[in-house]
Amino acid sequence: MGLLKGKVILEIAGLKKCHGSKVILDGLDLEVTRGEAVVVIGPSGCGKTTLLKCINGLESHQAGKILIDGREAGSPGFGWHEARQKIGMVFQSYDLFPHMTVMENILLGPVRVQKRGREEAAAEALALLERVGLADRKDDFPRQLSGGQKQRVAIVRALSMKPELMLFDEVTASLDPEMVREVLDVMLQLARAGMTMLIVTHEMEFARVASDRVVFMDGGMIAEEGKAGDFFREPKTERARRFLKTFYFRAD
């Protein structure tokens, strides 16, 4: 697990998000410390993905604040374009450009958005590809890759922007079972290297092993949170206990 540095990098206070009359996030409060890997779990429709999208400015919110390194994201002095430079996000779908090679997909952000030198960015991208075992696929097109390989490229693409916080939204949900492990292994390596991560997942064993803290959401609110070992060993709330039981098969 990442070593906690003691500084809050993400602070969410009173976050409220509605779709019409339906409340998706209901006054949610959350802090993530630099170097911490936090896993967010909960039943479908409880607001997990919406939370990540609000943090990255992909969804607007009606009330509350999102602070990155103590600055309010979306405020006049710290707009979403600037805030997103500190945040990397990987989605369920890979969203790679099919007409671009792996390397071209990765370099798009650092070179066009951050205006970094192509040679320097390419060297860093190649090192990241090496880290996830895909350096030899840098000139391939997405159609030549498996689902797990595409997702690893998507992770590298996000890391190439040098974010301070990584958001992962069910990144293994669309993968065949045999491809899930290769992606989770990369995320586990990032967690152990001290990357600050907020991860939405249904992979409970991964959550137990890779996270410093578990946040259990229900009905747009945080129903329970705590250290991963404590949460999975003895959840405090009946709702969390019932949720965890759904992941264990019993033959009567």
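Predicted model: local features only at pLDDT ≥ 70, side-chain atom pairs only at ≥ 80, totals over all residues.
Strands here are DSSP runs of E with at least two residues, helices are runs of H or I with at least four, and both are numbered from the N terminus. Buried means under 20% relative accessible area, exposed means over 50%, and partly exposed lies in between, using a 1.4 Å probe and protein chains only. A37, V39 and I41 point one way from the strand, while V38 and V40 point the other way.

Two strands pair if DSSP finds at least two bridges between them. β3 pairs in the parallel sense with β9 (residues 213-218) over 4 bridges, and also in the parallel sense with β8 (residues 197-200) over 4 bridges. On the β8 side, A37 stands opposite M197.

M197 leads us onward to the largest nonpolar core, where I155, F168, M187 and M197 touch the most other members out of 52 residues. Such a core is a set of buried Ala, Val, Leu, Ile, Met, Phe, Trp, Tyr and Cys residues joined through side-chain atoms within 4.5 Å. Helix α6 (residues 177-192) gives the most to this core, with 9 residues. Leaving aside neighbours within four places in sequence, M187 is in contact (heavy atoms within 4.5 Å) with I155, F168, V171, M197, I199 and F206. Apart from this core lies another, of 29 residues, including I24 and L51.

I155 is one of the buried residues of α5, a helix with 11 of its 13 residues buried. Those buried residues pack against β6 (87-90), α3 (102-113), α4 (118-131), β7 (165-169) and α6. The geometry of α5 (residues 147-159) agrees with expectation, because its 13 residues should span 18 Å at 1.5 Å a residue and its end C-alpha atoms are 19 Å apart; the expected span is 1.5 Å times one less than the number of residues.

Finally, look at the loop between α4 and α5, where P142 is found. P142 counts as buried because its relative accessibility is 7%. Its C-alpha atom is separated by 5.7 Å from that of P98, 44 residues apart along the chain.

Note on methods
Residues numbered from 1 in each chain as written. Heavy atoms only, no water.
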